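Let us read one model together, feature by feature. Ask as we go.

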Amino acid sequence: MDESRTSGLLNVLEGKNALVIGGGGGGIGRAITRALAAAGSAVGVADVDQQRADEAAAEVAAAGGKAVSLTGDVRSRGDVDGLVRRAARELGGLDILVTVVGGQMAFVPPAPLHETTDEDWDLMFDLNLRYVAQALRATLRVFLAQGTGGTIVSVGSITGIAGSPMQAAYGAAKAGLASLARSVAAEYSRDSIRMNLVTCGAIATPVAQAAQANAAPDWIPMGRSGSSDEVAVATVFLASPLSSYITGQSLVIDGGATAVGPFPIRQAEIRTP
C-alpha cells in the first residue's frame with residue numbers, strides 16, 4: 001500500500017473491530033483490509049478462498065495489527081450469518097462491516113438483456129446484492145444488541161448509476177445496493193448506524209486488467225484507472241468518525257468518468273493551446 005495515502009488516517013479506527021466480507025483476501029478487499037488495519041482496526045478477513053484469507057490476515061499481523069481469517073461462500077445464507085457471528089465473537093464485538101465481492105466479468109459474459117439467462121441474472125443478484133442484504137441483517141442485529149452503533153460500507157459501481165448495456169443484471173443489482181444504503185440511513189440513523197457506498201469506476205484490479213487487457217482509459221477524464229488503495233482510503237474515511245454526518249450516500253471514485261456527458265470529451269479536445 002502507498003503509505004502516503006494512509007498516513008493521514010492513522011488511528012482513526014483505533015479500538016474498532018471490522019469485518020471485510022466477500023473477497024477480503026484479494027484485490028480491492030485485500031487493500032481495504034490493509035487500510036482498516038493501518039487505521040487501527042482489528043479486522044476479520046472473510047474470503048471463499050481460505051489461503052487468501054490466511055495470507056491477508058498474516059500480512060496484517062506481520063505489520064503489527066490484529067486480524068482473524070474467516071472462510072465462507074457469500075452465496076450461502078448460512079455461511080454469511082456464520083461469518084458475521086464468528087467475526088463478532090473472535091474480535092470481541094463488531095463496529096464496521098465492509099462488503100466487497102461483486103462484479104460481472106469474472107462470473108458471466110456480457111450479453112444483451114433479451115439473451116441474459118435466468119441463471120446469470122440470479123448469479124448477478126446473488127453476488128452483488130442478495131448477500132449484502134443478508135450480511136446487513138446479521139450485522140444490524142449485532143449492532144443493535146451492542147447498542148453502540150456501527151458503520152457499513154459497500155463497494156458499488158458506476159454501472160448502478162448509469163445505463164448498463166450488455167450487463168443489465170449487474171447494473172440493476174448495483175442500483176439496488178445504493179437504494180439499500182438509503183433505506184439503512186432512513187431506518188437506523190437514530191441508532192447511530194450509518195451506511196454508505198464507495199461507487200467505483202475503472203479500478204486496476206487483477207481481474208479487471210485481465211478482462212480489459214487492451215482497453216485504454218481514454219473515456220476517463222483523469223486518463224487512468226483507479227487503484228485499489230484509492231478505494232481503500234475512501235472506505236476508511238466512510239467507516240470512520242471523519243464521516244460522522246454522512247449516511248445513505250455514494251462516494252463516486254471514477255476519475256471523473258460520470259462527470260462527463262452526455263458525450264465523452266477527450267482531455268486533449270478541451271485544453272486550450
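**Reading the packing and the fold**

Q: Which residues in H4 meet which residues in H5?

A: Contact means heavy atoms within 4.5 Å. From H4, Arg77, Val80, Asp81, Val84 and Ala88 meet Arg130, Tyr131, Gln134, Ala135, Ala138, Thr139 and Val142 of H5. By class, this contact of H4 with H5 has seven nonpolar, two polar and three charged residues. Here Ala, Val, Leu, Ile, Met, Phe, Trp, Tyr, Cys and Pro count as nonpolar, Asp, Glu, Lys and Arg as charged, and the others, Gly among them, as polar.

Q: What kind of model is this, and how are residues numbered?

A: The model is predicted: local features need pLDDT of at least 70, side-chain atom pairs count only at pLDDT 80 or more, and totals for chains, interfaces and linings use all residues. Residues are numbered from 1 along each chain as its sequence is written, and side-chain values use heavy atoms, with hydrogens and water left out.

Q: How are two packed helices described?

A: By the angle between their axes and the distance between the axes. Axes are lines fitted to C-alpha atoms, for helices over the stretch in contact, and angles run from 0 to 180 degrees between N-to-C directions. The axes of H4 (residues 77–91) and H5 (residues 118–146) come within 9 Å and cross at roughly 35°. The crossing of H4 past H5 is right-handed; that is, the near helix is turned clockwise from the far one by less than a right angle.

Q: How many helices and strands does the chain have?

A: Nine helices and seven strands. Helices (H or I, at least four residues) and strands (E, at least two) are DSSP runs, numbered from the N terminus. Of the contacts in the chain with a separation of 6 or more, 73% are between residues 24 or more positions apart.

Q: Is Val45 buried or exposed?

A: Buried means under 20% relative accessible area, exposed over 50%, partly exposed in between (1.4 Å probe, protein chains only). Val45 sits in strand S2 (residues 42–47). Val45 counts as buried because its relative accessibility is 0%. Across the chain of 273 residues, 47% are buried.

Q: What does Thr151 touch?

A: Thr151 belongs to strand S5 (residues 150–157). Leaving out residues up to four places away in sequence, Thr151 touches Asp95, Ile96, Leu97, Phe143, Arg194, Leu238 and Ala239. Thr151 is buried, at 9% relative accessibility.

Q: Why does Ala38 count as partly exposed?

A: Because its relative accessibility is 33%. Ala38 lies in helix H2 (residues 27–38). Ala38 touches Leu10 and Asn11, not counting residues up to four places away in sequence.

Q: What lines the largest cavity?

A: On a 1 Å grid over the protein atoms alone, a cavity is a set of points where a 1.4 Å probe fits but cannot get out; lining residues have an atom within 4 Å of a point. The largest cavity has 13 lining residues, with Gln104, Val108, Pro109, Ala111 and Thr116 nearest its centre. H5 and helix H6 (168–188) each give two or more residues to this lining. H6 gives the most, with three.

Note on methods: 1 Å grid on protein atoms, 1.4 Å probe; cavity = no way out; pocket = protein on both sides within 12 Å on 5 of 7 lines; lining within 4 Å.
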